[in-house]
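Biologist: Please take a close look at a single part of this model, the places where its pieces meet. A connected account would be welcome.

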Amino acid sequence: MNIFAKILTKARSKWVGVALIALALIALPFALAAAGTAWVRIANLAILFAFLALGLNIVVGFAGLLDLGYIAFYGVGAYVYALLASPHFNLHLPFWVILPIGALVACVFGVLLGAPTLKLRGDYLAIVTLGFGEIVRIFLNNLSRPFNLTNGPQGISRIDPFSFGAFDFSRNETIAGLAFSGPIKYYYLLLALLLLAIVVNLRLQHSRIGRAWEAIREDEIAARAMGINTTRIKLLAFAMGASFGGVAGGMFAAIQGFISPESFVLVESVMVLSMVVLGGMGNVWGVVLGAVLLTFVPELLRDWVQPVQQSLFGKTIIEPEVIRMLLFGLALVLMMLFRPAGLLPSAIRKRELTKQK
Amino acid sequence: MNSLLLECAGLDKRFGGVLALAEVGFSINRGEIYGLIGPNGAGKTTLFNALTGIYSCDAGGFSFAGKPLAGLRPDQIAARGIARTFQNIRLFGNLSALDNVMIGRHVRTRAGVFGAILRTRATLAEEVAIERRALELLAYVGIAARANDVARQLPYGDQRRLEIARALATEPQLLALDEPAAGMNATETLELKKLLERVRADGTTILLIEHDMKLVMGLCDRVLVLDYGRKIAEGPPREVQRDPRVIAAYLGGAEGAASS
């Protein structure tokens, strides 16, 4: 009986923990709103990046395929949304129609990238994917002639926000005495989608497909000899990762209301990859943590660097933007030296990256 | 039990100017333990790689259970029922022993992305079956207690056993083993011999590359001897052992025979 009681309390304490985290996440936007709506927007961006990083985690973390052009799928998703829900073509489809279309189109692009790179690994794959990302961005920049598809560098503006019938995610509303601003409403939607993404990631990881990804990451020749069709399994990783990117891009377009090719430059790919690596490749929770940290910390710095310098030296010696990149670089170097497998490493990746000779 | 399982005819494999395999031909019957021996560099592993689709043949080829294997990818050949182990062990080193064997079940199971995401009843049932079968196989090769250990950290002999368990997980008709006793001590080799006899008794045909002559002589029904990519003898171990050409090949390549 004693053991049963113990198990019961253990299970209960676990659920209490989950309930507390859930409550905190529900209350969070209101706390942030008290500090300024900008912080709610930053929280939304953090969730969006976490979603995006989870997609990249499938490609890099699970299947071990280094992808430096991942932001292209984000861009494709964003443009699909923008073209189908803006005055540009005067189309205004609802978001629950466009997001799946965006996922599908990005998925096709994922296969387009995956197919020619099947035989590449490591550095070589990284270079080809990097090129792919740039190609997509340059196309977005130049597809304004002869037929104006993307509106070139000016980008597409006045993109529809998400709406559900009369319920518009961009409007302020007061429900039960609480003021729900647009960003707060988006926060809950994004949080729900992130939870879904986490569940999908976890379930894929512990499945026949997830094991096949692990196998090709560990030893491709052995994986093939064990009957794994590496072509299909790799394309599947690219397609799944790209679909995540496509959905995230659609959400980004709707929240921002404006997109241009400038949002999909190489540095963004590097940022998302950094979130995955810093947080812990292959570990869903690590990736989410990496995304949240890399979104919030720079914003905090932006907020603090100038006032601190003012009070210490009486003037701004180093611009916040400069110090941000400096600290970011320093953080990456320190991480690679002391925690090469990330903040919350997956057990398997930790073994791989801290191999003793 | 004299039906033909694997047939190889006129097999050539060239690497640049080197003829690694020349007009090799042999056949393996169901239920046999068939040995493949020869001095170092004779082309034994090349033959394995050609058989399992890692290399393509320049001429001739294999026919398995009556159907040609030409042009098939390694995964398709595994699906046909040929599983192999590697001379320089190729486990999924950072995964647990159990995961290694579960991956071996891939080719005989079917759950896809949607099944995994939705956790359908069929997928869950399949997962349970995969894990149960993997545990059975670990027990079968005698390393059940190591199920949750990391493959890379297993003792050498256990790694060899794990590779066999992983190969058996694909439900092969033909199990191709590349030097399974390499690096094993006498006790481990004896246990391996018992294991392989059991595998054969349970209906799996075995193709065996091995340098441990005592093991080959005690285990194999028939032996094929390769030297410089050519077949120089074939037959029951006792006869092959006395064949003057075999003796010449081994004594001629004295250091090859001694060191391995």
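This is a predicted model: local features need pLDDT of at least 70, side-chain atom pairs count only at pLDDT 80 or more; totals for chains, interfaces and linings use all residues.

**Contacts within and between the chains**

Modeller: In chain B, the domain assignment gives domain 1 (4-81 + 172-259) and domain 2 (91-155).

The C-alpha centres of domain 1 of chain B and domain 2 of chain B are 29 Å apart. Contact between them involves seven residues of domain 1 of chain B and four residues of domain 2 of chain B. Together the two domains of chain B bury about 470 Å², with 51% of that area on carbon and sulfur atoms. On the side of domain 1 of chain B, the residues that lose the most area to domain 2 of chain B are A79(B), L195(B) and R198(B), which together account for 64% of what that side buries.

Two helices of chain B, α2 (74-80) and α7 (186-201), each supply at least two residues of the domain 1 side that touches domain 2. Of the elements on that side, α7(B) gives the most, with three residues. By class, the domain 1 side that touches domain 2 of chain B comprises four nonpolar residues, one polar residue and two charged residues.

The second interface is that between the chains. Here 29 residues of chain A are in contact with 36 residues of chain B. The area buried between chain A and chain B is about 3,000 Å², and carbon and sulfur atoms give 61% of it. In chain A, the residues losing the most area to chain B are R208(A), R211(A) and M226(A), together 28% of what the chain A side buries.

Across the interface of chain A and chain B the rule finds two salt bridges. A salt bridge joins the side chains of D219(A) and R90(B), at 2.8 Å from N to O. Polar contacts between chain A and chain B number nine residue pairs, both residues at pLDDT 80 or more. The helices α6 (182-205), α7 (208-218), α8 (220-225), α9 (230-256) and α13 (347-353) of chain A each supply at least two residues of the side that touches chain B. The largest share of that side, seven residues, comes from α7(A). In terms of class, the residues of chain A that touch chain B divide into 15 nonpolar, four polar and ten charged.

Terms used. Residues are numbered from 1 along each chain as its sequence is written. Chains are lettered from A and ligands numbered from 1 in the order in which they are written. Side-chain values use heavy atoms; hydrogens and water are left out. Domain bounds come from an automatic or database domain assignment. Contact means heavy atoms within 4.5 Å. Buried area is the accessible area (1.4 Å probe) that two parts lose on being put together, summed over both. Helices (H or I, at least four residues) and strands (E, at least two) are DSSP runs, numbered from the N terminus. Ala, Val, Leu, Ile, Met, Phe, Trp, Tyr, Cys and Pro count as nonpolar, Asp, Glu, Lys and Arg as charged, and the others, Gly among them, as polar. A salt bridge is a side-chain nitrogen of Lys or Arg within 4 Å of a carboxyl oxygen of Asp or Glu. A polar contact is a pair of N or O atoms within 3.5 Å; within protein, one must be able to donate a hydrogen and the other to accept it, and residues adjacent in sequence count only if both atoms are side-chain atoms.
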